[in-house]
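I opened the notebook on a structure that was new to me.

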Amino acid sequence: MTQREREEIFSKEVLTADDFCKLFEVAKPTGYQIIREIKAKYDRTKIKGIVHVQDYLDYYELPQARFVFNKEKNPKQNEVVWGLANP
C-alpha cells in the first residue's frame with residue numbers, strides 16, 4: 001500500500017470493509033470481522049458495516065497524529081507538500 005492510498009483511506013470519517021481489506025491485505029469476510037471486533041468495543045456511528053476512524057485508532061491504541069494528513073501549499077514553489085498534521 002502506498003502512502004497516498006493510506007492518506008486517502010484516513011482522509012474519510014469512516015472506514016469500510018473494503019478499507020480494511022486494503023489496510024490489512026485480507027479478504028472481505030475478514031474485513032467485516034475486523035469491523036465487528038472494533039464495534040464490540042467502540043461504536044460512535046451506530047451504523048452497521050462502518051467504523052469511525054477514531055474508533056479504529058482507539059481500538060488499536062494508535063496516535064492520531066500518525067493518521068492525520070494535511071496538504072499545504074509551498075509558497076516558494078507553489079506546489080503541494082504532503083505531511084503530517086500537527087496534533
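In what order do the elements of the chain run from the N terminus on? I read them as α-β-α-α-β-α-β-β. The chain has 4 helices and 4 strands, where helices (H or I, at least four residues) and strands (E, at least two) are DSSP runs, numbered from the N terminus.

Before going on I noted what I was working with. This is a predicted model, in which local features need pLDDT of at least 70 and side-chain atom pairs count only at pLDDT 80 or more, while totals for chains, interfaces and linings use all residues. Residues are numbered from 1 along each chain as its sequence is written, and side-chain values use heavy atoms, with hydrogens and water left out.

**Burial and core**

I looked up burial next. Of the 87 residues of the chain, 28% count as buried; buried means under 20% relative accessible area, exposed over 50%, and partly exposed in between (1.4 Å probe, protein chains only).

I then turned to the largest nonpolar core, which has 13 residues. Such a core is a set of buried Ala, Val, Leu, Ile, Met, Phe, Trp, Tyr and Cys residues joined through side-chain atoms within 4.5 Å. Phe10, Leu15, Phe20, Ile38, Val51 and Tyr56 touch the most other members. At least two residues of this core come from each of helix H1 (3–10), helix H2 (17–24), helix H3 (28–41) and helix H4 (53–59).

I followed up Val51. Apart from its neighbours within four places in sequence, Val51 is in contact (heavy atoms within 4.5 Å) with Glu13, Val14, Leu15, Phe20, Ile35, Ile38, Lys39 and Tyr56.

**H2 against H3**

How do H2 and H3 cross? Their axes come within 8 Å and cross at roughly 105°. Axes are lines fitted to C-alpha atoms, for helices over the stretch in contact, and angles run from 0 to 180 degrees between N-to-C directions. H2 and H3 are therefore roughly perpendicular to each other; under 35 degrees counts as roughly parallel, over 145 as roughly antiparallel, 65 to 115 as roughly perpendicular and the rest as oblique.

I listed the residues that make the contact: Ala17, Asp18, Phe20, Cys21 and Phe24 of H2, with Lys28, Gly31, Tyr32, Ile34, Ile35 and Ile38 of H3.

**Aromatic rings**

I found 6 aromatic pairs in the structure. Rings of Phe, Tyr and Trp (its six-membered ring) pair if their centres lie within 6.5 Å; planes under 30 degrees apart count as stacked, over 60 as edge-to-face and the rest as tilted. The ring centres of Phe20 and Tyr56 are 5.8 Å apart and the planes stand at 50°, so this pair is tilted. Phe20 lies in helix H2 and Tyr56 in helix H4, so the pair ties together parts that are 36 residues apart in sequence. Phe20 is buried at a relative accessible area of 0%, and Tyr56 is buried at 6%.

Phe24 and Tyr60 form a tilted pair too, 6.0 Å centre to centre with 45° between the planes. Phe24 is partly exposed at 33% relative accessible area, and Tyr60 is partly exposed at 32%. I also noted one aromatic cluster, formed by Phe10, Phe20, Phe24, Tyr56, Tyr59 and Tyr60.

**Glu37**

Last, I looked up Glu37, which is in helix H3. Glu37 is partly exposed, with a relative accessible area of 36%. The C-alpha atoms of Glu37 and Tyr59 are separated by 8.9 Å, and the two residues are 22 residues apart along the chain.
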